[in-house]
Amino acid sequence: MSPRRVAKALAGLGAAALAVIIIAAVWIVNHRGSQRAMREALGVLPGTLLHAHNFHWTQMKGDDKQWELRAREASYANDRLSLKLVDAELSMKLDDGKDVQVRAPRAELKLAGNHVSRAELSGGLKLRYGDTVMDAADLVYLPDQDEMHSDSAVHIEGAGFKVDGVGLNARPRARLFSLQSQVISRFTPEATKKSGKS
């Protein structure tokens, strides 16, 4: 998933939302509605340009789906510098053919123009990469720096291993991950033998 493409998609969504808000505002003014009625009709929250229920965005490249983002609620800020998501789920397929899924009760994307500069996930997230699953209370991802970190407890589980620790520092594109403290690793030799490795 290209952060630039996410940002462009969000900018397009913002422009569409602005058009909807202008049309709704004209309608409400012509029908003498109150500001509260407009907010209820549009689902707009104070400080937001757009508030959407059952948000769904799919990024395609030709016939191939690059990524898909869903959320129960999405709020695009008036200043166009952030997008807040509730019950967010991102799914994509990487170049190595493995599926990646990320689920978080809360997510906030910080935008710099048409670019996602920071993603903050919180509330207890689950990241699945192929057969490996990571759980953490929170996570911050800085795509430009290829940095991902968490100060919370982290649990990682895959075929034949489980690792627990506190504090995660990672460089996802370089595939470098390290836990900072209280690291406990458990390996299951039987699972390794079943997969044909010794």
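1. Lys 126 has a relative accessible area of 35% and is partly exposed, a class lying between buried (under 20% relative accessible area) and exposed (over 50%), with a 1.4 Å probe and protein chains only. Its partner in a salt bridge is Asp 135, with the closest N and O atoms 2.9 Å apart; the term denotes a side-chain nitrogen of Lys or Arg within 4 Å of a carboxyl oxygen of Asp or Glu. Asp 135 is likewise partly exposed, at 24% relative accessibility.

2. The model is predicted: local features need pLDDT of at least 70, side-chain atom pairs count only at pLDDT 80 or more, and totals for chains, interfaces and linings use all residues. Residues are numbered from 1 along each chain as its sequence is written, and side-chain values use heavy atoms, without hydrogens and water.

3. Eight salt bridges are counted by this rule. In one of them, Arg 72 pairs with Asp 87, the closest N and O atoms being 2.7 Å apart. Because Arg 72 belongs to strand 2 (residues 64-77) and Asp 87 to strand 3 (residues 82-93), the pair ties together parts 15 residues apart in sequence; strands are DSSP runs (E, at least two residues) numbered from the N terminus. Arg 72 is partly exposed at 43%, as is Asp 87 at 39%.

4. Arg 103 and Glu 89 form a further salt bridge, with closest N and O atoms 3.3 Å apart. This pair links distant parts of the chain, 14 residues apart: Arg 103 is in strand 4 (residues 99-111) and Glu 89 in strand 3. Relative accessibility is 43% for Arg 103, which is partly exposed, and 26% for Glu 89, also partly exposed.

Technical notes
Helix = DSSP H or I, 4+ residues; strand = E, 2+ residues; numbered from the N terminus.
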